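Hello,

Here is the structure we talked about.

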Amino acid sequence: MPQTVIFTDLDGTLLDRRTYSFAKARKALNEIRKMKIPLVLCSSKTKAEIEIYRGKLHNKDPFVPEDGSAIYIPEKYFSLKFPYDRKEGRYKVIELWVPVHYILHFNRFLKLKGIDFIGFNDVTPEYIRTVTNLPKKEAVLTKKRSYSEPLILLDKKQEKSLRKIAAQHNLNVLKTGRYFVIVGNTSKGKAAGKLISLFRKKYGKIRSIAFGNSENDFEMLRTADEGFIVRKHDGKFESSSFRKADGIGPEGFNVEVNKIIERKHPQ
């Protein structure tokens, strides 16, 4: 039987959009832990932010911060040899990136081109809290970026121009639930694809499942064997192109994961 591997977005998917709680997914998370199913957290959040939730979840699996810009793999997680770019603490790091200073330089160019936005690098953690409702500690940590820059586009009519200019500089514009993120030519899907290859070498046959709620999750959902989109906080789906999870955010995650586990291991 193939080994199940789960990839999930955090904000608005595994975490409630307003409270940043995963309580409504607790049953599924307990089953995942009990059955030793790898759970890979893939988020726009920084490494430091994700580590907060890895601690709360007792998660020991690889994770993907900053919208696919890097893959952090615990040092002894895979016994097989694989190429990686550097070691950072207890992690082997695969980078799919451009450095954040390049993106900040590009953002100055965007201003010259008349794109009207507010970048997270330009504001205080307190301002970020008012926009995102992040806990105080995370609002500080979200500014400590290595590979990406979130921005709030003040004129929504400029989205097409923003994407065109970024593409000309080999950068991606990824839309999350609340804002846009400028990253290198990467995505959660590219990072998930690399990890899927490693999991296949570890387990042989695997079944990859992915959960998300926003545009920046779409490529990850397409990369997995099964991609589920959960309802947004207003009860709507961001896309009709994927399997629909029966519930908002962590509720949808909980329902579909328990269905998958029941299907594999009926009582």
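A salt bridge here is a side-chain nitrogen of Lys or Arg within 4 Å of a carboxyl oxygen of Asp or Glu. By that rule, Arg-86 and Glu-88 pair through their side chains, with N to O at 2.7 Å. Keep in mind that this is a predicted model.

Both partners are partly exposed: Arg-86 has a relative accessible area of 28%, and Glu-88 has 24%. The two also belong to a network of salt bridges that links them with Lys-47, Glu-51, Arg-90 and Glu-95.

The whole structure holds 20 salt bridges. Two others deserve a look.

Lys-87 bridges to Glu-75, with the closest N and O atoms 3.0 Å apart. Lys-87 sits in strand β5 and Glu-75 in the loop between β4 and β5, so the pair ties together parts 12 residues apart in sequence. Lys-87 is partly exposed at 47%. Glu-75 is partly exposed too, at 32%.

Lys-188 bridges to Asp-217, at 2.6 Å between the closest N and O atoms. Lys-188 is in helix α7, and Asp-217 is in the loop between β11 and α8, so this pair joins parts 29 residues apart in sequence. Is Lys-188 buried or exposed? Lys-188 is buried, at 0% relative accessible area. Asp-217 is also buried, at 0%.

Glu-138 counts as buried because its relative accessibility is 3%, under the 20% cut-off. Leaving out residues up to four places away in sequence, Glu-138 touches Lys-45, Glu-49, Ile-52 and Tyr-53.

Best wishes

Technical notes:
Residues are numbered from 1 along each chain as its sequence is written. This is a predicted model: local features need pLDDT of at least 70, side-chain atom pairs count only at pLDDT 80 or more; totals for chains, interfaces and linings use all residues. Side-chain values use heavy atoms; hydrogens and water are left out. Buried means under 20% relative accessible area, exposed over 50%, partly exposed in between (1.4 Å probe, protein chains only). Contact means heavy atoms within 4.5 Å. Helices (H or I, at least four residues) and strands (E, at least two) are DSSP runs, numbered from the N terminus.
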